[in-house]
Amino acid sequence: MRSRLGKLLPLLLITPMCWGEYQAQQISDAKQIRVSGDMAWGGLGDWQLSNGQVCAVVSNVDHEGELAATGGYLTDFGFCDKAGEGFGQLYFAINLSGTSSPVFHTMKAEQGDGYARVLGWAKHGGFELKVSYEFNEANGDKLQLTTELTHKQEVDGSDAAAFGLVNLNRGNKVFSTSLNGTGPSPGYQHKSLPSGLLDDLDGLLGVDMILSLPDAGKNPMVYGQYIKNAYLLSEDNQKTPMPSFVGVTDSYSAALTFTDTFFFDNEGAFLDPLKLLETQIADLDVGETLVVENEISLASGRDAAAILNQYWTSEPAIKVQLPGPGLSVFLQRAEDGAVINHAMSDSNGIAEVHAPKGQYLLRVQERNRVLAESAISLPSDQKTIKPELAARADLQLPQGQTMRLSFFAEDGQAIDFSRQAFGFVASGKHEEKVIDIMLAGTESDPKTVSLEPGRYRVIASRGPEYSAHTAKLNVEAGKDNKLTIQTPSLEVSTPNYVHADLHTHAAPSFDNSYPQEQRIRSYVAQGGEVLVATEHETIYDYSRDIAELGLTERLATVTGTEITGLVQSETAPHTLGHANAFPLKPQLGQYRTGAPAHENKRWRDVIAAVRKSDPKAVMQLNHPRVIYNPEEKAEPGSQRYNESYLLHLLDGRGHDPSQPLTAEQNSSLIEKDPETGVRDIDFDAIELINGTGAGLHSYEQLRKDWFAFLKQGVKLVGTATSDSHGQAFGEVVLEPRTLIYMQNDDVKAFDQDDFVAGIKGGNIYGTTGPLIDIALKQGDKQALMGQTLAAKEAVLNLTVNAAQWIDVHTLRVYINGELYQQMPIVKGQENMLPLSFDKDSFVTVEVEGDRKGLFADIVPVMPPFAFTNPIYVDADNDGKWQAPGL
């Protein structure tokens, strides 16, 4: 998804008087903001409208979005003055391509007796777009969103076969259906959707309702987008209905309206080959206007019925009495099995579903296990039914203990501890299953878990300092089942080093719905000590959440953000890539709580701005070269390519580590800003391992870049992070992790300045398990990682420790980025390796073991592995370290 940046035109500000409950105005005081919640982005300068019950915020034109370099987009939507907002920004795109997003230049607010609206005007090429966001008495709490795309003049390369609304779904599950009850209803099962209009569009279906269901928060909200009407308005005001289709991926949903009717079956719900051919020639003629009317709705809850029951209030309903909360009721059409509605049982065990008249199959499910199925007709003589359920198998979990419990089925049972195991499929991929239960040893830990009957193997672990244990059990339906397993105990300590993950995500990120409380619990269960908050495009403070869980003395936190470049702009044609900045101060009342603006900028601009506002902030370049195998080459324009900054830099050629930074291909990295003197390369840190999914391939490629930078005097500190967005295997937080030196590593006395000094000083190392104690010594002098030793000869002292379940057998020593020696090592034994230097140098170390035993079940993909940051050597003892050069 990409967008083009345009030039802003003068902004017209109209702030009307407030009449009754209906209000629309530009926010000039933070006290005016009425949409609250951990995921709300709106702030000063944005536009708010309300009917007194429901409030919406539209971003101002100078507030960039995720998919656009300007504002004008619906940003927040929730019940006024109540926590629980979780809406993902809604964007407009011509031809389902972010490179043709209209650029907003003017906005205004209007209100009167029984209505409130915010209007916006945008341009793209020869097209003009007018957007109206409106509450009115006729439509109650539903926000009316009307777009009018007019082709004003011919401009080269300016065509519009279709116009789309793209909604970032925050990692929510997406349910789509047809409100007439007879059209397509994919439910949670969605086909692949391409990134461009002229690709195969088999994933688009003619449905008219998209629902976004959250997986997070204490006050979850469900959102609906209903395509009410779409028509072509000719110059003489003749209306022609236009076909609309919907597609869903794992990160966004799109509602697409074509600009021409189909000669072959205009009313059809599928894009068959003949229609696909017609999309190649569709266009909006000069003078024509495409009008699309959408309706945005909301409800408290976690299921599709929260919204669909509102629209089907006059349709037949059935209540299902179940033994407790959290069970799912699916209503499927008998004729084709399409899921029409889905409800979850409430605290009283009641699930209520509405649907049009017809024959259905009613299915009761607990996570992914079917408990009952029965045929049903609507309307039904029964208002409430109580189905006979298959016996459930609940397992009592250990209480008051800290551990990660990993479950493995021995009889082929399905395991999935996701909070919403609805069988969600998007982009042709099934959702990753969760096999772990995280326990922090607090009252908030889950007490029981439901499983399919059968035999299981369970592993208890707590990170690389602790032992790991296995237990086997046979879970039987209808019986009291209890897990008894040995609690992990401390085997190896890491004095003066704290365990941290410098890149993780949860619900406050725009692509995520993983609950904050679960993120915290997973940190503690994994042996983490410092939670660095790096949510996408917002500065979120976990202190309150940690305190509510009673974990303040066990887990410290640092506020920051992930700066997430997604827009292809004039300044950054291949996007800016991603970077973390921390610590940052949250600025309440500001757009995105003050997260740095970055679109259409260079990294040197962003780095300078961050350091001006937060001088102590660490800037970490994220996943700069993600490669999953040695032969892989990311395609230009692909998500992986855009997110990997070193693959493209500014001109698309990328960094060549075999050439000096002064070479033309690399030189953009060291071009100084004429005013600030900051360069694009002036980060503090660089991710050398981002998650475990790529194995060591990405690290080995990035090591070339890192060594090239170090050889030329660019001292970037290497880090290892999980970039976890959830809890599926391969997404587990602190796999890998970074250990950071602190003078006082007691979490109860956590000093943020000490933590930052450890990172910027380079006394840190990354690991998937091995724990390193390293120093370079000469007599009574020594240097740790990040420090400099003045000596021509020295002894490298190194001891590698690890818990019993982690194998370590090989040590590799590098001098100036070249392998100096590889040798076998034994855990716990001190190694003393004499080294000599003929010029100023730097020394780094890697250790590795075999991926086997319990380690293979606990840590995804990668072997036991750790790398150190450099120890520098001043060989000529002149008091200055000179980079050795390429």
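C55 sits in strand β3 (residues 54-58) while C80 sits in the loop between β4 (74-79) and β5 (90-94), so the link ties together parts that are 25 residues apart in sequence. The two sulfur atoms are 2.1 Å apart, and the structure, which is a predicted model, holds 1 disulfide.

Are these two cysteines buried or exposed? C55 is buried, with a relative accessible area of 0%. C80 comes out at 7% relative accessibility, and because buried means under 20%, C80 counts as buried too.

Now step back to the whole chain. The protein chain has 10 helices and 53 strands, and of its 886 residues, 63% count as buried. How do the contacts run along the sequence? Take those with a separation of 6 or more: residues 24 or more positions apart account for 69% of them.

What about the overall dimensions? Along its principal axes, the C-alpha trace spans about 90 × 70 × 55 Å. The radius of gyration of the protein chain is 29 Å, which agrees with the value near 29 Å that a compact globule of 886 residues would have.

Technical notes:
Residues are numbered from 1 along each chain as its sequence is written. This is a predicted model: local features need pLDDT of at least 70, side-chain atom pairs count only at pLDDT 80 or more; totals for chains, interfaces and linings use all residues. Side-chain values use heavy atoms; hydrogens and water are left out. A disulfide is a pair of cysteine sulfur atoms within 2.5 Å. Helices (H or I, at least four residues) and strands (E, at least two) are DSSP runs, numbered from the N terminus. Buried means under 20% relative accessible area, exposed over 50%, partly exposed in between (1.4 Å probe, protein chains only). The radius of gyration is taken over C-alpha atoms; the globule rule is 2.2 Å times the number of residues to the power 0.38. Contact means heavy atoms within 4.5 Å.
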